[in-house]
Amino acid sequence: VSAALAIPAVAAEQADVVIIGSGGAGLSAAVTAHDLGKKVIVLEKLGILGGSTNVSEGALNAADPQRQGKQGIEDSIQKHYEQTMKGGHNIGNPDLVHYLTDHALESVHWLESIGVKFKDEVGTATGALWQRSHYPATPSGNTYIRSFEKYIAAHGNDMKVYTDMDAVSLIQDKAGRVIGVVAKDNHTGKTTKFMADKGVILATGGFGANVALRQKVNTGVFKDYDLGKGIGCTNFNKSAQGSGIIMGEKVGAH
């Protein structure tokens with residue numbers, strides 16, 4: 001077990017999958033895991049679900065022949081891939097970008113299957129390079145979160161969600177495999193071990209609101225720009241601190 005377990009854990013809970021973070025990524029992972037027959041625990045350090053997804057526009061880019069065809073927009077998965085690579089200054093992992101663009105429309109259809117309704121027409125989201133942005137019929141990314149919450153409420157026996165539960169360290173077995181999480185209740189200070197039979201998913205979001213961390217890692221294409229306090233951030237300040245990244249690095253994540 002990792003030395004990180006110096007924090008005393010006074011209770012333990014068990015699930016197949018433990019997910020840290022309840023934003024769009026965390027809750028979609030939770031629903032997917034449950035669809036695969038797994039018992040799921042979600043840990044969220046804030047008092048509400050959704051993280052920065054709540055304050056996003058909710059735009060989802062995907063080449064969509066049905067919607068785009070009606071609008072006379074020419075597009076393809078390959079074009080989506082090439083523009084995504086270009087938007088990332090061609091330093092992205094091609095395999096991962098291909099996976100993203102190859103399955104983007106499947107993501108739209110999957111969200112529709114759990115109750116999300118999209119507008120019939122696509123647009124161009126801020127920063128996008130083409131007209132392929134799907135917007136929820138009810139504006140903002142909170143639409144996704146509400147749909148996930150309804151799903152979780154309907155499957156409560158196999159899905160547990162803990163808010164105000166701050167993950168502080170990952171638990172490893174002797175072989176180094178991550179098998180659980182130590183988390184602290186923000187109200188009581190009580191710590192609990194959440195053990196995962198099948199795996200732990202880190203979905204803690206980015207670090208846009210952590211000025212020191214974004215300056216530290218700014219060694220790439222924007223290294224000549226000052227990413228200090230003068231650069232604002234639209235993410236939730238308390239949730240976009242990169243805590244999951246730091247926690248993962250402590251157990252060897254890259």
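**Helix and strand packing**

Visitor: Does helix 1 pass helix 6 in a left-handed or a right-handed crossing?
Guide: A crossing counts as left-handed if the near helix is turned anticlockwise from the far one by less than a right angle, and as right-handed if clockwise. Helices (H or I, at least four residues) and strands (E, at least two) are DSSP runs, numbered from the N terminus. For helix 1 passing helix 6, the crossing is left-handed.

Visitor: What kind of model is this, and from which number are residues counted along each chain?
Guide: The model is predicted: local features need pLDDT of at least 70, side-chain atom pairs count only at pLDDT 80 or more, and totals for chains, interfaces and linings use all residues. Side-chain values use heavy atoms, with hydrogens and water left out, and residues along each chain, as its sequence is written, are numbered from 1.

Visitor: At roughly what angle do the axes of helix 1 and helix 6 cross?
Guide: Axes are lines fitted to C-alpha atoms, for helices over the stretch in contact, and angles run from 0 to 180 degrees between N-to-C directions. The axes of helix 1 and helix 6 (residues 142-154) come within 10 Å. They cross at roughly 35°.

Visitor: How many nonpolar residues does the contact of helix 1 with helix 6 have?
Guide: Contact means heavy atoms within 4.5 Å. Helix 1 contributes Gly24, Leu27, Ser28, Val31, His34 and Asp35, and helix 6 contributes Ile145, Phe148, Tyr151 and Ile152. Ala, Val, Leu, Ile, Met, Phe, Trp, Tyr, Cys and Pro count as nonpolar, Asp, Glu, Lys and Arg as charged, and the others, Gly among them, as polar. By these classes the contact has three polar residues and one charged, while the number of nonpolar residues is six.

Visitor: Is helix 3 parallel or oblique to helix 4?
Guide: Helix 3 (residues 77-87) and helix 4 (residues 94-102) pack with their axes 9 Å apart, at an angle of about 135°. Angles under 35 degrees count as roughly parallel, over 145 as roughly antiparallel, 65 to 115 as roughly perpendicular and the rest as oblique. Therefore helix 3 is, relative to helix 4, oblique.

Visitor: Which strands stand at the edges of the open sheet?
Guide: The open sheet has six strands in the order 5-2-1-8-7-6, with mixed pairing. Two strands pair if DSSP finds at least two bridges between them. A strand at the edge has a single partner strand, so one side of it is left without a neighbour in the sheet; the two are strand 5 (159-162) and strand 6 (165-172).

Visitor: What is the bridge partner of Ile20 in strand 2?
Guide: Strand 1 (residues 12-20) pairs with strand 2 (residues 40-43) in the parallel sense over four bridges. For Ile20, the partner in strand 2 is Leu43.

Visitor: Which residue of strand 8 stands opposite Glu13?
Guide: Strand 1 and strand 8 run parallel and are joined by eight bridges. Strand 7 (residues 178-185) and strand 8 run antiparallel, with five bridges. In strand 8, the bridge partner of Val181 is Phe194. The residue opposite Glu13 is also Phe194.

Visitor: What is the radius of gyration of the protein chain?
Guide: The radius of gyration is taken over C-alpha atoms, and the globule rule is 2.2 Å times the number of residues to the power 0.38. With 254 residues, a compact globule would have a value near 18 Å. The protein chain agrees with this, at 19 Å.
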